[in-house]
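Please open the structure in a viewer and keep the selection tool at hand.

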Amino acid sequence: MKALVFKGPGQKDLVDCPMPVIKESTDVIVKMVKSTICGTDLHILKGDVPAVIPGRILGHEGIGIVEEIGNGVTNFKKGDKVLISCITSCGKCDNCKKQLYAHCSDGGWILGHLIDGTQAEYVRIPHGDNSLYHLKEDIDEEGAVMLSDILPTGFEIGVLNGKVNPGDTVAIVGAGPIGFAALLTAQFFSPSKIIMVDVDQERLELSRSFGATDLVNSGAENAVEAIKKIAGKYGVDVAIEAVGIPATFDICQKILKPGAHLANVGVHGKSVDLHIEELWTRNVTITMGLVCTSTTPMLLKNVESKKLQPEKLVTHRFDFSDMIHAYAVFGNAAKEKALKVIINFN
């Protein structure tokens with residue numbers, strides 16, 4: 001089979017690889033139908049994730065058709081259309097029993113990280129009963145791919161950790177895929193204002209069509225001052241950091257009103273300055289973490305009913321044979337005007 005393989009920092013190639021096989025009774029082999037590329041994949045290629053060794057097949061998102069099951073699998077059969085979760089969970093360990101699936105003792109984020117992933121014609125999914133979801137035949141497949149990672153990530157780590165409430169003023173710093181996922185799902189809780197902050201004016205304008213009420217171009221004006229003009233002099237109720245660099249985290253910590261929440265979703269490769277000397281008296285909460293995908297069933301129902309339409313985030317489509325070009329486009333997202341890309345296997 002063909003697969004996109006990591007060959008070392010800055011190196012990847014589409015090569016022939018052995019077919020995956022059942023190793024444990026709970027394994028499921030899935031024939032891929034659609035996948036995508038995540039910002040985390042770009043971090044891997046930069047060498048930011050040393051646990052990923054050369055020869056690893058990349059990818060942790062997608063949908064497909066069950067090809068083969070282990071004899072311990074009871075929820076799925078050959079031919080089922082399934083959503084692959086970016087988080088693998090055994091369902092039995094102490095962390096899984098607390099719905100901390102990201103920290104499963106025999107799973108978590110392992111696809112495209114510690115084991116071979118989904119950017120291949122076939123993939124082995126450990127603990128298939130707990131790590132796959134049935135898809136209806138008529139579901140929008142591109143929207144379903146967004147349920148593998150970015151939608152639950154934006155919702156759980158951004159919106160839920162941020163404790164968004166009706167009437168709140170929310171600032172989302174970063175109008176990329178994760179920021180848009182937080183924007184879409186924050187609206188479940190009817191905040192009064194959702195302020196999108198970014199340096200890309202085109203992405204900001206697009207965010208208005210997704211539900212943003214106010215826009216701040218942090219490259220053209222002082223973002224903190226502009227946000228407080230919109231939210232009020234004390235700041236926002238919720239700040240969601242969706243970039244992962246010191247400058248955007250700094251904006252977030254400077255716009256928190258007393259009692260506010262800062263939900264960090266961005267992947268940080270460098271340390272940030274925490275202004276605890278200013279924040280300690282303000283009763284604020286700062287959260288961060290890996291997605292656990294515990295909300296995937298609920299989000300799936302909303303996608304099935306069309307109340308949530310994450311397929312609108314897709315800007316580019318590629319055949320699997322064109323993966324190298326797809327990475328080039330996604331890696332130059334601002335220039336290429338790319339949000340999410342879809343990889344088609346058929």
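Select Lys337 and Glu202 first: in this predicted model, their side chains meet in a salt bridge, with 3.7 Å from N to O. The rule finds one salt bridge across the interface of domain 1 and domain 2.

Next, colour the two domains separately. Domain 1 comprises residues 2-149 together with 292-344, while domain 2 covers 152-288. Their C-alpha centres lie 27 Å apart. To the contact, domain 1 contributes 23 residues and domain 2 contributes 18 residues. The area buried between domain 1 and domain 2 is about 1500 Å², and carbon and sulfur atoms give 69% of it. On the side of domain 1, select Asp149, Leu313 and Leu339; these residues lose the most area to domain 2, together 32% of what that side buries.

Then turn to the aromatic rings. A search of the whole structure finds four aromatic pairs. One of them is formed by Phe155 and Phe189, which are stacked at 6.3 Å centre to centre with 15° between the planes. This pair links distant parts of the chain, 34 residues apart: Phe155 belongs to helix H5 (residues 150-160), whereas Phe189 lies in the loop between helix H6 (177-186) and strand E9 (193-198). Phe155 counts as buried because its relative accessibility is 3%; Phe189, at 28%, counts as partly exposed.

Finally, select residues 26-128, which UniProt lists in an unreviewed entry as "domain: Alcohol dehydrogenase-like N-terminal". The end C-alpha atoms of this span lie 6 Å apart, and the span is 13% helix and 23% strand.

Note on methods: Residues are numbered from 1 along each chain as its sequence is written. This is a predicted model: local features need pLDDT of at least 70, side-chain atom pairs count only at pLDDT 80 or more; totals for chains, interfaces and linings use all residues. Side-chain values use heavy atoms; hydrogens and water are left out. UniProt positions are given in the numbering used here, feature names are shortened, and annotations may be inferred rather than shown by experiment. Helices (H or I, at least four residues) and strands (E, at least two) are DSSP runs, numbered from the N terminus. Rings of Phe, Tyr and Trp (its six-membered ring) pair if their centres lie within 6.5 Å; planes under 30 degrees apart count as stacked, over 60 as edge-to-face and the rest as tilted. Buried means under 20% relative accessible area, exposed over 50%, partly exposed in between (1.4 Å probe, protein chains only). Domain bounds come from an automatic or database domain assignment. Contact means heavy atoms within 4.5 Å. Buried area is the accessible area (1.4 Å probe) that two parts lose on being put together, summed over both. A salt bridge is a side-chain nitrogen of Lys or Arg within 4 Å of a carboxyl oxygen of Asp or Glu.
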